[in-house]
Amino acid sequence: MKSISNYASLVKFSHTIFAMPFALMSFVYAVTTSPDNLSQSNPYWWGLLLVQVVLCMVFARNVAMGFNRWADRKIDAQNPRTASREIPAGKISPKAALWFVAINAALFIVTASTINSLTAWLSPVALAVVMFYSYCKRFTSLAHMVLGLSLGIAPVGAYIAVRGEFALVPCILALLVMTWCGSFDIIYALQDREFDRANGLHSIPSKFSIRTSLYISIALHIVTIACLVWFVSFLPQNWWVWTGATIFTLIIIAEHILVTPTRQRNIGIAFGTLNGLASTTLATLVIIGILTA
């Protein structure tokens, strides 16, 4: 059990709460807008597909974080904040971590290949994006946006799993997730600002002042809210949907009230608690709104 706990901690499994809700929103939207002949032939046709999508999400998450922890093992060992992570602390060996990544990558590709031909062809591309992020902070301050992109893939992938094609609505969700994640990752990176500067690592906080970094974070969140309004315009216009959008927006505002240039002790609450609450609340109310329309 302790070994399982170590691997769950390695990949920060609890952080699936960031991308999973958006994938589920996209999935429900895709199912409810699918041709009628699918539901007429089998009203529960989406059940197995939902299991496949969730499994793909879990496997991709494991690959992304497992590879990130392996790639950053030497950096993490030098940073007091991250020295206790599983690989530098000796709880999981680098070789075991790579095996974990390889197994999950194979499971992701196999599972994606059982859905449809487009998910099969795109599965290696998705893995390439989520693994590429691990090296970005070595050469670009835009690493936050690459992380956002890697999470933004989720709603697009969920839609493609259902419909077998690209569409505008999941791409709007992807932009929403990319800017939302990129913004709160900038806030999170404030913790390592001095370490990154001393070790030649790139981030928005290590390149700019704390105040400017937070302004950039706010600008990205403004784009997030604009994308949210755009996304909601395609949904049934009811109380559930707009309440979810309003709460999500208020939580984002609260995040910037809690974290300021002179008050950074709340970064942990803003990063984990508030963003997890924002995504799950939005997804719950939007999905209810779609299904009860």
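## A pocket to start with

Let's begin with the second largest pocket, which has a volume of about 170 Å³. Keep in mind as you look around that this is a predicted model.

Which residues line this pocket? The lining is made up of Leu-24, Phe-27, Val-28, Val-31, Thr-32, Trp-46, Leu-50, Ile-287 and Leu-291.

## The helices around the pocket

Three helices each give at least two residues to the lining of the second largest pocket: α2 (16-32), α4 (46-71) and α14 (267-291). Helix α2 supplies the largest share, with five residues. If you are tracing a helix by eye, a handy rule is that an α-helix has 3.6 residues a turn, so residues three or four places apart point the same way.

## The nonpolar cores

Now turn to the inside of the protein. The largest nonpolar core has 73 residues, and those with the most contacts inside this core are Phe-22, Met-25, Phe-231 and Phe-248. Apart from this core lies another one, of six residues, including Ile-187, Leu-214, Val-259 and Ala-270.

Leaving aside residues up to four places away in sequence, Phe-231 touches Met-25, Val-169, Ile-172, Leu-173 and Val-286.

Is helix α9 mostly covered or mostly uncovered? It is mostly covered, with 17 of its 22 residues buried. Helix α9 runs over residues 168-189 and reaches 31 Å from its first C-alpha to its last, close to the 32 Å expected at 1.5 Å a residue.

Key. Residues are numbered from 1 along each chain as its sequence is written. This is a predicted model: local features need pLDDT of at least 70, side-chain atom pairs count only at pLDDT 80 or more; totals for chains, interfaces and linings use all residues. Side-chain values use heavy atoms; hydrogens and water are left out. A nonpolar core is a set of buried Ala, Val, Leu, Ile, Met, Phe, Trp, Tyr and Cys residues joined through side-chain atoms within 4.5 Å. Buried means under 20% relative accessible area, exposed over 50%, partly exposed in between (1.4 Å probe, protein chains only). Contact means heavy atoms within 4.5 Å. On a 1 Å grid over the protein atoms alone, a cavity is a set of points where a 1.4 Å probe fits but cannot get out, and a pocket is an open set with protein on both sides within 12 Å along at least five of seven lines; lining residues have an atom within 4 Å of a point. Grid points are joined across faces, edges and corners, and a volume is the space filled by probe spheres set on the points. Helices (H or I, at least four residues) and strands (E, at least two) are DSSP runs, numbered from the N terminus. The expected span of a helix is 1.5 Å times one less than its number of residues.
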